[in-house]
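Hello,

Here is the structure I promised to pass on to you. Please open it next to this email and follow along as you read.

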Amino acid sequence: MNILGVSAHYHDSAAALVIDGMPVCAVQEERLSRHKNDAAFPAAAIDWCLDHAGLAPAALDAIVFYERSMLKFERILTCTLRAFPRSWRSFPHAMKNSLGEKVWVRGIIAAHLDVSHRKILFTDHHASHAAAAFFPSPTEAAAILTADGVGEWATLTCGRATRRANGRAELTLERELRFPHSLGMLYSTFTAYLGFAVNEDEYKVMGLAAYGKPSMVDRVHKLIHRTPDGAFALATEYFEFQTSASRSYSRRFVDLFGPPRSKYDPIDLDTAEGRRFADCAASVQRVLEDVLVDLTRALHGETGLSDLCLGGGVALNGVANARILAESGFDRVFVPPAPGDAGCALGAALYADRIYFGNPSREIPDHPFWGPPVSASDLATVAREDGQLFEELDEISLIEYVADALASDRIVGWMEGPCEFGPRALGHRSILAAPHRHEMRDRLNRDIKHREEFRPFAPVVSTEDAHEYFDLPPGGARLGRFMSGVFPVRPQWRNRLAAVTHVDGSARVQVVEREMAPRLHRLLDAYGRRTGLPVLLNTSFNVAGEPIVTTAMEGYSTYRRCGIDVLVAGSTVVTKRGAAALLMKEGMAWPSQGVVESGVA
Amino acid sequence: MSIRHAACVDRVLRPVHRWIWGDGDRRVRKLLAFAEVETGGGRDILRAAEVTPDLYLEHAIDELHHGDLFRQRSAALLRARALRTASIFDGNPLPGGHGLDDLAIGNEADDRLLAFLHIAEKAAAHRFSIYREVVDDDPETRAIFEEILRDEVFHMNYTYTQLARVSPQSYRRQIWRARASRFYKRYLRCAIRCGDAVASVLLTVQYFVVLPPFAWFAKRAERREASGWVSIDRPAVRSARSQY
């Protein structure tokens, strides 16, 4: 049975293909269109998925959209009516926005693929999140919590899912919280207040929080209060997201927290103003964590299950995830590599397969690499045409060469196999560097990423070595598999891991298992043999404002215009002339053995 | 080909330009807008470098660098005004957009792309030459315009040379076609804005004329809603074909 999942129109759109119960491929539209967080209908992603699988659209048994668009429209219209007459400005915007394209999803899909309307199905937004979290996870039974800004009406759901011995799966969402009472919207409101981009820069608030003190928790509690049944409700008078398209916080919010930050103003922690912004971030982060821990603790008591699957954009908050693991009572917490709306494309397809069609549940490979592959020969071709130093090496020589380069403080662009599905670079489209010194972090920020200094870089370490350098609780390695948790760096290693240790001594560590990324695992081993510290800095292979690279050519163009010294795609290695000369001077010339092909223009 | 003087229209509009650039706030806003346009254009050209056989990479790098220059200058002006020095965030978030002209790189032939770039660079060079003159009270901003103007003139010339090489028979026609296309896209943008404004007016009228009774019902229903958990009892499986 061939099922295509589609998510579109709000954040990062995506498509995913499931054949006979097994994911075959999945890709976000931004990776193909090169527009960051592309929310457009994912025509390119759909076409790539079908091409990759060699399927014609007519061979699809179902196309599943990740939410019910008319129900969402109903929510938008109802909220506008409830806010009458204050919503008079947002009403035209909301109607044009929805009626222009978003409610006609069935027709758009049918027209694009030329398939019957009867093949087009819909799932609930949070059911898609839940399916994306549960079905790919290696667990037989789990409690489920999904939380994001808003789906149709739901903003947070709780439920449970099981795989029966006969292969049948059950996924039940038992209760929900409804808009406007939303943890995601609370966090996004602070994101906007702090001058960052909503639905994009929430992780900057999390990074900034480490610089502040949660001294405004009492004030944040005025915005969100707990209800007698253990849920929560927002005090809507402090917010405008439910009535306005342009502003998410009200005048009362500003009275409570002070003037908002303009996106162009610097955050200077030496000033009272800068510290106020950091304290705001720390306070909302603390409240978010407290509420999530309470909700998951109650869910654990209710279900008695040992595993929890987290879905929705809120599950990208690694600090909160780590606290849930430590304090909720669950032994294991599973967060998929794409917990946000892009992941719903895969979730919708799996939900239709397992629940709607009742197909038996199959074990899904536990990795995030479902996107377009990179071609080593394409990189060799473009490097040859552009007159760059390149070589094609066998596996052992390549690993040794790259480990040498990293050990001598070179920055490596690392491309391998299919790209990751989701926002994290997990070793197939990564920039790798030595993690030891602050200077490396500053160099990456200045020459490559062009981003704010307060944002930390992440380390990558093998499963075998993770506990030596990071204080991982039981289940921490699992959470670190897709970089979903933030954990303390062991104090004795913080100086030697300065480039990846955040100001509060934590790191968003990726824990690599040999089976998931064998090549990266070998590289970590080789690097460890040279430096005595088998940990690397791993950041996404892109520059600020651009999506992560997909093809060899995109990797090459990024490498050429920023400070990356060495570029690897499959078996091909390209080295900048300056870096190559320095490597030769340091006695680490191009490998003499293992060269399959080389070129120097 | 060189740009010594601004275009005729811009010369006539010199007092307007001087008025715009004379104010600190407007100057920062203009620089930030240029930063976005240059960065967006740079990304489009970068895409061309990635998907076409001709390499536009250096051109794209220049445009992205221009975006950085504008952004850094506007951030410096902002900092100077705010009397702030050290910061952990330099106040110049990179925008994530692409160029204004909705350039479909994958669908453009080489000669059309070159003609489009030539026209765009020429227009930018004319415009920047007058901006350079009206910011003579601000040597640092003037220096940025001078540096960028040099690059734009180089880009204008290389795209013209390449175009003549790629399409020796039809390069003039391509340039006229690019001009017409640019004009048409401007018209489309204008028409969309007009349509948008008309739709907003009509919807606003409907809002006040049609919606009040429905709003009354919606508010009444809201008052009856309890806060907290809502149990989910809808039959999800049976409604898979429904958008509701």
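**Where the two chains meet**

In the model, Arg175(A) stands opposite Ser231(B), a residue of strand S1(B). This is a predicted model, in which local features need pLDDT of at least 70 and side-chain atom pairs count only at pLDDT 80 or more, while totals for chains, interfaces and linings use all residues. Residues are numbered from 1 along each chain as its sequence is written, chains are lettered from A and ligands numbered from 1 in the order in which they are written, and side-chain values use heavy atoms, with hydrogens and water left out.

Back to that strand: Glu176(A) stands opposite Val230(B), also in S1(B). S8(A) and S1(B), residues 230–231, run antiparallel and are joined by two bridges. Helices (H or I, at least four residues) and strands (E, at least two) are DSSP runs, numbered from the N terminus. Two strands pair if DSSP finds at least two bridges between them.

Which strands make up the open sheet? There are six, in the order S12(A)-S11(A)-S6(A)-S7(A)-S8(A)-S1(B), with mixed pairing.

Now for the interface as a whole. Counting heavy atoms within 4.5 Å as contact, 69 residues of chain A touch 55 residues of chain B. The area buried between the chains is about 6100 Å², and carbon and sulfur atoms give 60% of it. Buried area is the accessible area (1.4 Å probe) that two parts lose on being put together, summed over both. In chain A, Arg82(A), Phe84(A) and Tyr264(A) lose the most area to chain B, together 13% of what that side buries.

There are three salt bridges between chain A and chain B. For this count, a side-chain nitrogen of Lys or Arg must lie within 4 Å of a carboxyl oxygen of Asp or Glu. In one salt bridge, the side chains of Arg43(B) and Glu546(A) meet at 3.6 Å, N to O.

**Chain A by itself**

Chain A holds 21 helices and 25 strands. Its C-alpha atoms fill a box of roughly 70 × 60 × 45 Å, taken along the principal axes. A compact globule of 601 residues would have a radius of gyration near 25 Å, so the 24 Å of chain A agrees with that. This radius is taken over C-alpha atoms, and the globule rule is 2.2 Å times the number of residues to the power 0.38.

Enjoy exploring!
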